[in-house]
Amino acid sequence: MSHLSQVQRRVMNAAQLRAHGVAAAVARERCRPGGGWQQVLPGVFLLHPAPPGAEERVHAALLYAARPPAPGADGDASYGGSGDAMVTGLAALALRGFASVPALSALERIDVLVPRTRRLRSVSFARVLRGARLPDPELVHGVAVAPVPRAVADAVAWLTDAGTVHGILAEVLCGGHGDPAAVMAELCRGRLLDAPVIAEAVASLVDGDRRLAEGLLHRMVHDHRLPEPLWNVDLRLPGGPHLGPVDAYWPEHAVALELDTRAPRADVRPWAEDTLWSDSAHRPDHLTRLGITVVQLSPQALCRSPQDQATLVRAALMVAADLEPAAYVRVLPR
């Protein structure tokens with residue numbers, strides 16, 4: 001059995017050991033004092049006597065949570081790669097190199113995500129999380145890991161420290177780790193925005209990042225199958241003054257949508273002297289007088305209830321069809 005001591009074979013479960021000709025009784029004997037092995041989780045063995053390293057704990061947790069192979073299947077097959085179990089939460093973020101989470105070696109628990117129907121309990125350092133619909137796992141350093149949105153949601157769900165939650169969300173939402181809107185959608189799906197610590201962190205990030213708010217808006221339009229608008233355009237009367245920028249515009253309905261954010265736009269130049277107004281608070285009134293329906297949404301509302309906001313926009317598009325034709329306006333790219 002010397003071949004089992006190779007680095008890549010330091011952690012095995014009972015099925016893998018059987019595939020190598022090691023019976024359960026032999027494995028138990030090797031775990032006795034002086035035997036050189038240890039059982040670190042139910043049915044999972046570490047093939048040396050030293051405490052498990054960080055990577056070994058990850059592999060052990062994944063092997064513990066993975067569904068046993070079907071009778072006659074290769075017991076040495078890779079576990080967790082079929083979507084039945086995957087590492088999630090802080091451990092998944094640590095494997096991806098997130099700077100805002102503790103190092104893998106400092107984590108007390110390794111979170112593993114399994115289907116809701118699995119009868120499996122958390123034990124020792126392996127914490128079992130369940131989901132009705134599991135995402136497709138991604139391989140990170142050869143380990144089946146939950147996608148970033150799900151891993152983030154599973155991580156912050158257990159945290160109570162506001163600084164840590166803010167750091168993780170800031171890194172993923174503003175640091176280029178995937179689609180910010182997908183992360184928001186996962187937080188909403190898990191009703192995590194009802195937690196004050198998470199809600200406050202999200203609100204502060206959204207208020208300070210227009211790109212994030214626009215991502216939420218795009219996600220709402222696409223996920224709820226609203227007609228595709230013209231994105232980020234300027235409106236202007238023919239031969240007249242600017243009417244100002246809007247975040248989305250449906251010209252065939254004369255419906256404009258504005259994100260109501262506290263932070264000023266970083267991408268909008270100061271208006272020239274021919275601008276129709278100087279205070280953005282007056283824009284809806286001026287557009288309404290021209291027959292344009294204006295819908296204002298807040299990023300916080302898009303976070304908490306994207307379906308309700310989509311219903312509001314859809315209603316505005318339907319009502320606009322029965323209104324008097326709006327004044328003709330020029331639509332210019334920004």
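These legends walk through several close-up views of a predicted model.

View 1. Let's start with the confidence scores. The protein averages a pLDDT of 83, and 84% of the residues score at least 70. Two stretches call for care. Over residues 1-7, pLDDT stays under 50, and the model has 14 contacts beyond four places in sequence for them. Over residues 263-281, pLDDT also stays under 50, and here the model has 31 such contacts. Where pLDDT is low, the predicted coordinates should not be read in detail.

**View 2. Arg57, a buried charge without a salt bridge.** Find Arg57 in helix 3, which covers residues 54-65. Arg57 is buried but has no salt bridge. Which side chain of opposite charge is nearest to Arg57? That is Glu108, 7.9 Å away. The backbone of Glu108 is another matter: its oxygen lies 3.0 Å from a polar atom of the Arg57 side chain. Leaving aside neighbours within four places in sequence, the residues in contact with Arg57 include Pro52, Leu104, Leu107, Ile110 and Phe125.

**View 3. Glu108 and its salt bridge with Arg109.** Stay with Glu108 and look at its side chain. The side chain of Glu108 meets that of Arg109 in a salt bridge, at 3.8 Å from N to O. Glu108 counts as exposed, with 64% relative accessibility, while Arg109 is partly exposed at 41%.

**View 4. Two salt bridges within helices.** The structure holds seven salt bridges, and here are two of them. In one, the side chains of Arg189 and Glu186 meet at 2.9 Å, N to O. Arg189 and Glu186 are about one helical turn apart because they sit three residues from each other in helix 7 (residues 180-189). Asp223 is partly exposed at 46%, and Arg219 is partly exposed at 27%.

**View 5. Strand 9 and its two partners.** Strand 9 (residues 230-236) pairs with strand 10 (residues 242-250) in the antiparallel sense, over six bridges. In this pairing, Arg236 stands opposite His242. The two strands form a hairpin with five residues between them, and in the turn Gly239 has a positive phi of about 70°. Strand 9 is also joined by four bridges to strand 13 (residues 330-333), again running antiparallel. There, Val233 stands opposite Pro333.

Definitions and conventions
Residues are numbered from 1 along each chain as its sequence is written. This is a predicted model: local features need pLDDT of at least 70, side-chain atom pairs count only at pLDDT 80 or more; totals for chains, interfaces and linings use all residues. Side-chain values use heavy atoms; hydrogens and water are left out. Buried means under 20% relative accessible area, exposed over 50%, partly exposed in between (1.4 Å probe, protein chains only). Lys and Arg count as positive and Asp and Glu as negative; His and the chain ends are not counted. A salt bridge is a side-chain nitrogen of Lys or Arg within 4 Å of a carboxyl oxygen of Asp or Glu. A polar contact is a pair of N or O atoms within 3.5 Å; within protein, one must be able to donate a hydrogen and the other to accept it, and residues adjacent in sequence count only if both atoms are side-chain atoms. Contact means heavy atoms within 4.5 Å. Two strands pair if DSSP finds at least two bridges between them. pLDDT is the predictor's confidence in each residue, from 0 to 100.
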